[in-house]
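Reader: I have just opened this one and would like to go through it slowly. Could you walk me through it?

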Amino acid sequence: MAMTVAETDMRTFRWGKPLVVAIDGPSGTGKSSVSRETALRLHAAYLDTGAMYRAVTWHCLDTGVDLADAAAIENACEEVDLAISTNPDDQKVSVGGRDVTEAIREPGISKAVSAVATTLGARAELIRRQKQTTADSGRRIVAEGRDITTVVAPGAEVRILLTASEEPRLRRRGLQLGGTQSAEALKEQVLARDAKDSAVVNFQEAADGVFTVDSSHLDFEETVDAVLAVIRRATR
Ligand SMILES: Nc1ncnc2c1ncn2[C@@H]1O[C@H](COP(=O)(O)OP(=O)(O)O)[C@@H](O)[C@H]1O
Ligand SMILES: Nc1ccn([C@H]2C[C@H](O)[C@@H](COP(=O)(O)OP(=O)(O)O)O2)c(=O)n1
């Protein structure tokens, strides 16, 4: 009887063998959705590091931290009681025990998040927590963001840069937000945010040893298959 893709993947990537898959890329390339599906197929944990930056931003706005004050952001980041699930089947983010899973996806957070992402002290604290989470996972995890291949997990067994040209990235984000955003607002949320975030981290070009997967002309399933093919090749 023919095996499903999931069964094939289980046979290829056995339990107990360390497998850290690091995935970076610009906004709207499919990092979160593709990484989560890849983690499900590999029976691995899944870490959405962007959700951590978003949760700290939510916390700063909730507690009145001035987003122009780098020291205040850093302080908030060090103190925040932030919990993020690494179960790809049940993505939950909470701050101080409050479920913020939905709230951190609001356009207001997307607009403000670069202030946190470009505060180096805040990055240092989140990177420390992300490294800890990766270690706690028993090193069987798919982690995605902007600096996973280069800073959080440069020693990962597999490192991938997921790219796509501007048009599909804007279209995907527009569809994801239910067609509620103007073309200008989408450009602000995707392209302008990438430009701001690029000031502190390079997620537009693949570092040495990082495989590039271009999803511009691939649908979701094809992108997951392309990522799994890279993982297979890299771990053979
Ligand atoms: N290859 C693809 N083709 C079409 N849509 C995709 C593809 N990859 C992801 N998507 C969809 O695009 C949207 C943005 O994907 P997401 O994973 O949030 O991107 P990112 O994390 O890189 O910002 C989601 O609705 C997702 O389902
Ligand atoms: N490892 C990471 C992950 C995200 N960030 C920043 C960059 C983004 O503006 C925000 C939110 O990231 P997220 O992956 O949720 O962004 P998308 O809207 O999915 O493109 O956090 C980062 O600087 N480093």
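Reader: Leaving aside its neighbours within four places in sequence, which residues is glycine 30 in contact with?

Author: Glycine 30 is in contact with Leu162, Ser215, Phe220 and Thr223, once its neighbours within four places in sequence are left aside; two residues are in contact if their C-beta atoms, placed from the backbone, lie within 7 Å. Please keep in mind that this is a predicted model, in which local features need pLDDT of at least 70 and side-chain atom pairs count only at pLDDT 80 or more, while totals for chains, interfaces and linings use all residues. Residues are numbered from 1 along each chain as its sequence is written, and chains are lettered from A and ligands numbered from 1 in the order in which they are written.

Reader: Where does glycine 30 lie, and why does it count as buried?

Author: Glycine 30 lies in the loop between E1 and H2, where helices (H or I, at least four residues) and strands (E, at least two) are DSSP runs, numbered from the N terminus. Glycine 30 counts as buried because 25 other C-beta atoms lie within 10 Å; the cut-offs are 20 or more other C-beta atoms within 10 Å of its own for buried, 12 or fewer for exposed, and partly exposed in between, with C-beta atoms placed from the backbone.

Reader: And what about glycine 25, where is its place?

Author: Glycine 25 is in the loop between strand E1 (19-24) and helix H2 (31-42), and it is buried, with 29 other C-beta atoms within 10 Å. Its contacts beyond four places in sequence are Lys31, Leu161, Leu162, Thr163 and Phe203.

Reader: Which residues does the UniProt "binding site" annotation cover?

Author: According to the unreviewed UniProt entry, that annotation covers Gly25, Pro26, Ser27, Gly28, Thr29, Gly30, Lys31, Ser32 and Ser33; UniProt positions are given in the numbering used here, feature names are shortened, and annotations may be inferred rather than shown by experiment.

Reader: How many residues surround ligand 1?

Author: There are 17 residues around ligand 1, and the closest are Gly30, Lys31, Ser32, Ser33 and Arg172, where a residue is near a molecule if its C-beta atom, placed from the backbone, lies within 6 Å of it. The elements giving two or more residues to this shell are H2, helix H8 (166-176) and helix H10 (220-235), and H2 supplies the largest share, four residues.

Reader: New topic: is leucine 186 buried or exposed?

Author: Leucine 186, which is in helix H9 (residues 183-197), is buried, with 21 C-beta neighbours inside 10 Å. Leucine 186 and proline 107 are 79 residues apart in sequence, and their C-alpha atoms are 9.6 Å apart in space.
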